[in-house]
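Thank you all for coming.

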Number of protein chains: 2
Amino acid sequence: MVYSEKKIESALRQHGYKITPQRRAIIKGIIKSREHLTPAAIHERVCREHPGIGLVTIYRTLETLTELGFICEMHAGGNCRSYLMRRPSEHHHHLICSDCGKVIDFTDCDLGELERRLSRETSFKINGHLLEFLGQCRQCRKEAVIG
Amino acid sequence: MVYSEKKIESALRQHGYKITPQRRAIIKGIIKSREHLTPAAIHERVCREHPGIGLVTIYRTLETLTELGFICEMHAGGNCRSYLMRRPSEHHHHLICSDCGKVIDFTDCDLGELERRLSRETSFKINGHLLEFLGQCRQCRKEAVIG
DNA sequence: GTGCTAACTGAAAATCATTTTCAGTTGGAA
DNA sequence: TTCCAACTGAAAATGATTTTCAGTTAGCAC
């Protein structure tokens, strides 16, 4: 389950943000898709149903939603970000195919012990972590053998 | 210990790359510094000793060295990469202060078990992983309290 | 050493994602 | 209904990275 539109809207309101048709459309669009999408891809999708929304507005809304913790940002090499709805009370990680870019999510990581030790040794207050595995998916492995 | 200049040069030669004064200077520069550096920072440093080397050449050399596995690339939020010499037969991870950008390296992560399970469940051939902890260093925590 | 060629170089231009600016619009509290 | 801070889209600005191109050079074959 991901956060509901209602939940997100009420959080926006609580933080002094206004609910505009554009924001509603963007939120709907992100909730609907289960994949990681770049801002440009989100723009394209949202525009299919609500033409005229600017890419700038997408960027601004993504920033706000990330700030409030509803979506998560990912940097998978290159200079391009992508975003995905976050599920309540779960964090997740990625397994990425370096050939075709396919992304598989997983949620368990069991890094608590390591985190505690690092925190103790460095006096950092650790707020979170980013874990990504990189590899080659079955399909691309096959193709590599043939090619 | 990091890879030696000799080792890197012979690997370059073996892969059909030529050894140019520019490449030598860049390799020296990266070996000398123990921090993560952006391409621009590397350029600045290298130019102190060897003026006239273009930023483009830095980018090209970094790409080549990354390809051969001598340096490792890091994406720490924003749209900026940084690079660090890799130590032979070790991989390492980062603990990053989200306020001042300080980076602390650590090498142990104990993700073998998780990696095997993921590989089994997804049929991915996993080649590596990226692990970064994000937090606030002692200094920035102090300043946050005062400010 | 000399010649040769593929690899390399720097400068400038191009690209591309992202951010800023700005003037006009609008949600929603009073 | 009024009003203003928050919001919007377009265009311009930014900044990192990549491409293009014409000239240079490493290093192999002779």
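How many nonpolar, polar and charged residues does the surface near DNA strand C have? That surface has 10 nonpolar, 10 polar and six charged residues, where Ala, Val, Leu, Ile, Met, Phe, Trp, Tyr, Cys and Pro count as nonpolar, Asp, Glu, Lys and Arg as charged, and the others, Gly among them, as polar.

Before I go on, a word about the source: this is a predicted model, in which local features need pLDDT of at least 70 and side-chain atom pairs count only at pLDDT 80 or more, while totals for chains, interfaces and linings use all residues. Residues are numbered from 1 along each chain as its sequence is written, and chains are lettered from A and ligands numbered from 1 in the order in which they are written.

Let me stay with the DNA. Around DNA strand C there are 26 residues, of which A:Ile19, B:Tyr17, B:Thr20, B:Gly54 and B:Thr57 come nearest; a residue is near a strand if its C-beta atom, placed from the backbone, lies within 6 Å of it. Two or more residues each are given to this surface by helix H3 (39-49) and H4 of chain A, and by helix H2 (21-32) and H4 of chain B, with H4(B) giving the most, three residues. Helices here (H or I, at least four residues) and strands (E, at least two) are DSSP runs, numbered from the N terminus.

DNA strand D is likewise surrounded by 26 residues, and the closest are A:Tyr17, A:Gln22, A:Gly54, A:Thr57 and B:Ile19. Here the largest share, three residues, comes from H4(A).

Turning to the fold, chain A has six helices and five strands, which from the N terminus on run α-α-α-α-β-β-β-β-α-β-α.

Now to the place where the chains meet. The contact takes 30 residues from chain B and 30 residues from chain A, two residues being in contact if their C-beta atoms, placed from the backbone, lie within 7 Å. On the side of chain B that touches chain A, E5(B) provides the largest share, 12 residues, and by class that side has 14 nonpolar, 10 polar and six charged residues.

Strand E5 (residues 125-136) of chain A and E5(B) run antiparallel and are joined by 11 bridges; among them, A:Lys125 has B:Gln136 as its bridge partner, and A:Gly135 has B:Ile126.

Finally, how are the two chains related? Chain B can be laid on chain A with an RMSD of 0.2 Å by a turn of 179° and a shift of 0.1 Å along the axis, the copies being superposed by least squares on the C-alpha atoms of residues with pLDDT of at least 70 in both. That is the relation of a two-fold axis. In chain B, the C-alpha nearest the axis belongs to B:Leu131, 2.3 Å from it, and the same surface serves both copies, since 100% of the contact residues of chain B recur in chain A.

Definitions and conventions
Pairing = 2+ DSSP bridges.
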